[in-house]
Amino acid sequence: MNLFFLNEDVRIIDQIRKGDEEALVTLYRTNERQISAFVASNSGTRDDAEDLLQEALVILWEKVRTGCYEHTAKISTFVFGTVKNLWLRRLARSRREIAMNMELDPMPSNDRSALEEMIESEESIQIADALDTLGDPCRKLLLLFYWEEVSMDEIARRLGFANADTAKSKKYQCKKALQKLLKGLQ
Amino acid sequence: MSEKSIAHWTDDEELLSKFVLHQLSAAEETRLSSHLRSCTRCQLAVDDEVRVVAGVRHAGRLNLKRQLGSRLARGKQHAAAAVPRRISVGSIPWSRVASLAAVLAILIAVGVYNNWFGSNYRNSITQHEIVQEQPIRPGEPEKKQVPSTELELDKTIGQSNRVNEEAGSHTKSMVRVEPLKGKSEAYSPGKDEDLRQSITASPTQNSRDEIAVGNSRKSEYQVNLSDQAYSSAEQGFWVEGRIISAEGTNSGAVNNGPSVERQDQMGVAAAPQSGLKKEHEQLLRNRVQQTPIEFSLDQRPLSSLPQSFQNRQMQGAGTVQTLIKNSDDTVQLTLYLESPLPDSELRTADVRIVGDDSLVLSLPNKQIGYRLPPAIQNQVNMKLRRQ
């Protein structure tokens with residue numbers, strides 16, 4: 001294994017753990033060319049490549065931040081593999097969507113995963129919009145808690161709450177408000 | 001954990017979150033999951049929590065992607081500002097370049113077209129065309145012209161813009177006169193031949209003498225060079241023709257051979273008065289044996305003349321600005337007229353040399369006389385001698 005790259009990867013992962021988004025910028029520039037070539041050779045555009053790379057880096061960020069990332073290979077390998085899966089899933093989804101749109105009858109297959117994906121995706125978009133509507137500090141709090149899985153003590157510290165219990169209470173209130181918003185949208 | 005504590009465990013917000021976020025031990029998760037199989041209320045609570053988590057994570061990813069995109073964009077801007085911009089092929093606005101090139105091509109094409117078309121009526125002066133500058137004043141004896149051999153004439157190529165201002169007399173360029181032949185462009189070969197045979201031989205001193213016109217009438221047949229021939233920037237030779245007669249030309253009958261008869265048929269202009277008519281007839285008789293020289297007629301609107309020329313024509317009533325040009329085969333007369341002549345008149349027109357220095361253009365309704373510049377005269381003589 002290339003020690004230089006290993007050391008570099010370790011440094012980057014460390015940066016991610018600390019919440020330094022510049023690590024993502026570095027990873028983006030490092031992997032941009034390879035990803036662009038892959039996507040272009042698989043019916044994709046430059047915009048697709050950019051979007052997929054950013055998504056892959058976000059997934060990496062999420063995994064590292066939540067402690068789910070296992071550094072068993074080079075980060076570039078992880079990124080490439082993630083992009084590949086995302087792109088293939090997107091292609092498959094678009095083919096299924098095309099097939100569904102062309103069908104006059106309800107989709108003949110019992111492929112519910114694509115439908116479920118679409119529904120879940122729709123819900124996620126709604127929740128994301130509702131979250132934006134909530135605004136700060138609920139938005140930040142819920143993101144820290146559910147996405148970054150930061151501890152309540154840390155959340156209290158970051159957002160200026162008195163203590164963890166206050167943060168918990170606030171989190172409960174924000175969640176209820178979010179659910180109320182979602183019910184209103186439905 | 002007791003049954004009571006496990007019942008509706010989803011009421012514990014913190015436990016619910018940890019369960020959904022997989023922050024519990026495997027054993028704990030298994031235990032709580034088993035409850036869900038039998039508790040709809042808890043199952044629904046878990047489902048809600050899962051949706052919230054999914055939505056918030058989705059929002060978090062979007063937010064991070066947005067921030068990453070902004071950072072990358074800022075980085076590109078900084079990089080672009082820091083490094084001198086290199087012009088690459090891709091950065092050149094080729095569509096704009098193509099548009100400019102198209103506009104430039106159109107302008108050049110218009111300029112070339114105008115330049116070509118604008119000078120279309122000019123004949124290029126061939127290497128055998130020369131410039132003679134011999135002012136001739138009206139009423140004065142004709143000056144002895146500088147003898148001009150063809151070689152000498154050739155030496156003065158390119159001097160066509162010199163102007164001799166003496167007494168308003170200007171000669172510019174000389175036209176090589178091919179074998180005389182009165183013809184217009186619409187003439188048929190047969191008629192041309194007849195006309196050719198009708199034109200008399202080269203002028204001689206005797207012939208000149210036989211042109212019994214007094215000085216007072218000389219201008220009616222001959223173009224006074226001092227008044228009428230003048231320079232122009234155009235290539236060719238500008239001569240001002242005098243309208244000899246505005247009457248019909250069918251009345252005269254010159255019985256000097258078939259060509260002359262033919263001239264009558266074609267409408268040779270009659271002399272405006274009886275005395276002139278006789279003199280004209282005499283001229284025709286004198287010329288009937290001459291070898292014909294090819295002529296061609298053309299007409300252009302007066303408005304196409306340079307302004308100074310137009311002014312001259314306006315000033316001199318009864319004059320016709322004419323460009324005489326020489327080509328290999330013909331001598332072309334281009335008349336600049338206020339109103340165009342019908343093609344039939346041009347077709348039936350007749351051109352002949354009178355004496356050795358004059359030319360008469362006979363149209364159905366008028367005759368126009370030209371005094372040929374000396375250079376043309378000499379060319380005519382030489383040409384005729386060759387015949």
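## A covered strand and the cysteines

Both faces of E8(B) are covered: B:Gln367, B:Gly369 and B:Arg371 on one side, and B:Ile368 and B:Tyr370 on the other, are all buried (buried means under 20% relative accessible area, exposed over 50%, partly exposed in between, with a 1.4 Å probe and protein chains only). In a regular strand the side chains alternate between the two faces of the sheet.

This is a predicted model, in which local features need pLDDT of at least 70 and side-chain atom pairs count only at pLDDT 80 or more, while totals for chains, interfaces and linings use all residues. Residues are numbered from 1 along each chain as its sequence is written, chains are lettered from A and ligands numbered from 1 in the order in which they are written, and side-chain values use heavy atoms, leaving out hydrogens and water.

Strand E8 of chain B covers residues 367–371 (strands, E, at least two residues, and helices, H or I, at least four, are DSSP runs numbered from the N terminus). Its partner is strand E7 of chain B, residues 358–362, in an antiparallel pairing over 5 bridges (strands pair if DSSP finds at least two bridges between them). B:Leu361 stands opposite B:Ile368, and 4 residues lie between the two strands of this hairpin.

Now to the cysteines. The structure holds 1 disulfide over all chains (a pair of cysteine sulfur atoms within 2.5 Å).
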